[in-house]
Amino acid sequence: MDEKCISKAVIRRLPRYYRYLGELLEDGVERISSNELSTKMRVTASQIRQDLNNFGGFGQQGYGYNVQYLYTEIAKILGLDRTHNMIIIGAGNLGQALANYVQFEKRGFKVVGIFDVNPVLKGISIRGNEILMMDELPQYLKDNDVQIAALTLPKNNAEETADLLVENGIKAIWNFAHLDLEVPEDVIVENVHLSESLMRLSYNLNCYVTEHKK
Ligand SMILES: NC(=O)c1ccc[n+]([C@@H]2O[C@H](COP(=O)([O-])OP(=O)(O)OC[C@H]3O[C@@H](n4cnc5c(N)ncnc54)[C@H](O)[C@@H]3O)[C@@H](O)[C@H]2O)c1
């Protein structure tokens, strides 16, 4: 399997397959056809077959997909078969909410540190992690194995913080600040913009209302 060849569009859909397969496993379903999965996920069966064929075709004619096998393989592709240590930069509302969310850890994303510049927050414990100050960050990154940094700080401070993270070896940034970061080619940034999602919701709501007025 050559992961480099998998298109971004397919990779974007994989977490959804993974979620549905996880639910099937919880329900004790051992195998499923592309047609059944198609009805459940409300995507076409041919899309499912095409997507999953990218990985050498997990399905067998007349048998369908082995749910456990597919779930495990997709987990491997998404890198969920290992633990990623994550730090959070900006211990405000959003940073604390992320640090408090237990499900990330279940997926293998372990919050190991949380940082801020506000001395009032120093030492406050969030799910067992005491908030540290930013001047402790470089040494912390030398002493600890961290793969991902979440940026939940004001956008004005995001670029310089990203630079500091990159200088100290961070290769993956989960960026919540409303700013497109400029990073070297070997650093991966995943932007999360809840407001953009809300705008799409607003657009779709408008469309629906307009169509149903006719
Ligand atoms: N992308 C999204 O979907 C989304 C959703 C909500 C908020 N946000 C953004 O996330 C950020 C945080 O939002 P919030 O509601 O938690 O704000 P907040 O004000 O509650 O928290 C921001 C925290 O960042 C800290 N901070 C400021 N400069 C810092 C620096 N240089 N290094 C480390 N920490 C620093 C502050 O002291 C504060 O504790 C904002 O930029 C906001 O616009 C994004």
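Me: How do the residues of the shell around the ligand divide into nonpolar, polar and charged?
Reply: In this predicted model, the shell around the ligand has twelve nonpolar residues, eleven polar ones and two charged ones.

Me: And which of the residues around the ligand come nearest?
Reply: There are 25 residues around the ligand, and Gly90, Gly92, Leu94, Asn157 and Leu194 come nearest.

Me: Which elements give two or more residues to that shell?
Reply: Those are helix 5 (93–100), strand 5 (109–116) and helix 9 (194–213).

Me: OK, which one gives the most?
Reply: Helix 5 does, with three residues in the shell around the ligand.

Me: Switching topic: where does UniProt place the "DNA-binding region"?
Reply: The UniProt record, an unreviewed entry, puts that feature at residues 16–55.

Me: How much of that span is helix, and how far apart are the end C-alpha atoms?
Reply: Residues 16–55 are 70% helix and 5% strand, and their end C-alpha atoms lie 16 Å apart.

Me: What about phi of arginine 42?
Reply: Phi there is near 55°, a positive value in a residue that isn't glycine. Most residues other than glycine have a negative phi.

Me: Where is arginine 42 found?
Reply: Look in the loop between helix 2 (34–41) and helix 3 (45–53).

Me: Is arginine 42 buried or exposed, and why?
Reply: Arginine 42 counts as exposed because it has 6 C-beta neighbours inside 10 Å, and the cut-off for exposed is 12 or fewer.

Me: Now arginine 127: what is its phi, and where is its place?
Reply: Arginine 127 has a positive phi too, near 45°, and sits in the loop between strand 6 (125–126) and strand 7 (129–130).

Me: Buried or exposed, that arginine 127?
Reply: Exposed, because arginine 127 has 12 C-beta neighbours inside 10 Å.

Conventions
Residues are numbered from 1 along each chain as its sequence is written. This is a predicted model: local features need pLDDT of at least 70, side-chain atom pairs count only at pLDDT 80 or more; totals for chains, interfaces and linings use all residues. A residue is near a molecule or strand if its C-beta atom, placed from the backbone, lies within 6 Å of it. Helices (H or I, at least four residues) and strands (E, at least two) are DSSP runs, numbered from the N terminus. Ala, Val, Leu, Ile, Met, Phe, Trp, Tyr, Cys and Pro count as nonpolar, Asp, Glu, Lys and Arg as charged, and the others, Gly among them, as polar. UniProt positions are given in the numbering used here, feature names are shortened, and annotations may be inferred rather than shown by experiment. A residue is buried if 20 or more other C-beta atoms lie within 10 Å of its own, exposed if 12 or fewer, and partly exposed in between; C-beta atoms are placed from the backbone.
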